[in-house]
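Subject: Handover of a structure and the findings on it

Dear colleague,

Please find below the structure that I am handing over to you. My notes on what was found in it follow directly after.

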Amino acid sequence: MAHVVIMLIFLASFGISATAKANCDLHAAIGIRLTLPFVFEKLANTERLVWLHNHTIIYEGIKGKVSVGKPDDITSSGSLVLKNPKFTSAGVYQAQAYNATGALTKTWNSFVCVMEKVPKPTLSYNCDQKSVNFNCYTVKSQDLRYSWAMDEKVLTGETRSTLTIPLNKLKSKNSFTCGVVNQVSNEKSDAVSPTCASQEPSPQNLLCFHQKTVMAVLAGAVGTVIILVIVIIVLCCCQRRNKVPKRRERVEPRMLPLTSQEPETDYETMHHVPEMSPKPKAKAAESIFITTQIAFLTTARIFPAA
């Protein structure tokens, strides 16, 4: 039975505190001065002012004399000053002002919640193949709201502790900050400029190869093209030379019947031995070799070794 009673008391107190926390009228930060906004214009030495915290008197002044608390606990208008709020400072505060006859003339009450100041966040990031991912980290992440800024311009709609930016929208000079805020304070992280690998390779890293390697490959390709062009031209010229004598041999016998009807019986003509000429293939090979050497020398001059 005793355990049941204790449990009921615990649940009741938990429900009261949860309800009170949900209905906070004011928020105080630990260690930060807070003035409860009670204003009584008719406050005079002949009147009585009482302040209560959780139904306990913490200040009382009658006719200018302070019987509970200190004179600097209130302002000239009667507002209560919480100089160094703590977690125990949370609760219900009530103000009661009385006139000279002792009649209650004005009251004020409010529920005050006490919270820790929000710590300064730390901004970190990591890159993947398509985007850069930011993370805004704080030691205590309860009851916090987040905000993001790029180049000191607030990014609307970004209220989570993480942020993702596509690489194609990221520039090298962009800087990012994240902010955190609760009901009593706010803090902003240091600016961070992410350095992620660009999707477009730079001229020095074209196709992931060194610039000297790329230039050497290009030089070899240009030289090969030049050699092929020259070889094709030489082969075409040699083939044309080989076809010219054959055409003459085919034409001359057809012209003989027109110049003379009787066949000639010249001895020299019948027994003529054709002179030996150099082989066309040998000449073509020699020309190709010489041309290739010239092309290599020309390519080496145009594209010197890196």
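Asp 73 has a relative accessible area of 15% in this predicted model. Because the limit for a buried residue is under 20%, Asp 73 counts as buried. Its partner in a salt bridge is Lys 83, and the closest N and O atoms of the two are 3.8 Å apart. Lys 83 lies in the loop between β6 and β7, whereas Asp 73 lies in the loop between β5 and β6, so this pair ties together parts that are 10 residues apart in sequence.

Lys 83 also meets the side chain of Asp 72 in a salt bridge, with a distance of 2.8 Å from N to O. Asp 72 is placed in the loop between β5 (65-68) and β6 (80-82), and Lys 83 in the loop between β6 and β7 (91-98); the pair therefore ties together parts that are 11 residues apart in sequence. Asp 72 is partly exposed, at a relative accessible area of 44%. Lys 83 is partly exposed as well, at 36% relative accessibility.

A further salt bridge is formed by Asp 190 and Lys 120, whose closest N and O atoms are 2.9 Å apart. This pair links distant parts of the chain: Asp 190 is in the loop between β15 (186-188) and α2, Lys 120 is in the loop between β8 (104-115) and β9 (122-127), and 70 residues separate them. With a relative accessible area of 51%, Asp 190 is exposed. Lys 120, at 47% relative accessibility, counts as partly exposed. Through shared partners, salt bridges join Asp 72, Asp 73 and Lys 83 into one network. The search of the whole structure finds four salt bridges, including those described above.

I turn now to the cysteines. A disulfide is a covalent bond between the sulfur atoms of two cysteines. How many disulfides does the count give? The count comes to three.

One of them joins Cys 24 to Cys 113, with 1.6 Å from S to S. The link of Cys 24 and Cys 113 is left-handed, with -65° about the S-S bond. It connects distant parts of the chain: Cys 24 is in the loop between α1 (2-22) and β1 (26-29), Cys 113 is in strand β8, and the two are 89 residues apart. Cys 113 is buried, having a relative accessible area of 8%.

Another disulfide joins Cys 127 to Cys 196, at 1.8 Å from S to S. The torsion about the S-S bond of Cys 127 and Cys 196 is about -55°, and the disulfide is therefore left-handed. Here too the pair links distant parts of the chain, with Cys 127 in strand β9 and Cys 196 in the loop between β15 and α2, 69 residues apart. Cys 127 counts as partly exposed, at 35% relative accessibility.

The remaining disulfide to describe joins Cys 136 to Cys 178, with an S to S distance of 2.1 Å. Is the link of Cys 136 and Cys 178 left-handed or right-handed? With 70° about the S-S bond, the link is right-handed. Cys 136 belongs to strand β10 (residues 131-137) and Cys 178 to strand β14 (residues 176-181), so that distant parts of the chain, 42 residues apart, are linked. Cys 136 is buried, with a relative accessible area of 3%, and Cys 178 is buried at 1% relative accessibility. When the bonded cysteines of the protein chain are numbered in sequence order, the pairing reads 1-2, 3-6, 4-5.

Asn 54 is not a glycine, yet its phi is positive, near 50°. His 55 is likewise not a glycine and has a positive phi of about 70°. Asn 54 is found in the loop between β3 (48-53) and β4 (56-62), and His 55 is placed in the loop between β3 and β4. Asn 54 counts as partly exposed, at 37% relative accessibility, whereas His 55 counts as exposed, at 63%.

Finally, there is a patch to report. Val 225, Val 229 and Ile 233 form a nonpolar patch on the surface, and together they have about 260 Å² of accessible area. Val 229 is found in helix α2 (residues 211-259), and at 44% relative accessibility this residue counts as partly exposed.

Yours sincerely,
A colleague

Conventions
Residues are numbered from 1 along each chain as its sequence is written. This is a predicted model: local features need pLDDT of at least 70, side-chain atom pairs count only at pLDDT 80 or more; totals for chains, interfaces and linings use all residues. Side-chain values use heavy atoms; hydrogens and water are left out. Patches are made of residues with over 30% relative accessible area and no salt bridge: like charges are joined within 9 Å, nonpolar side chains (Val, Leu, Ile, Met, Phe, Trp, Tyr) within 5 Å. Accessible areas come from the Shrake-Rupley method with a 1.4 Å probe; for residues, only the protein chains shown count as cover. Helices (H or I, at least four residues) and strands (E, at least two) are DSSP runs, numbered from the N terminus. Buried means under 20% relative accessible area, exposed over 50%, partly exposed in between (1.4 Å probe, protein chains only). A disulfide is a pair of cysteine sulfur atoms within 2.5 Å.
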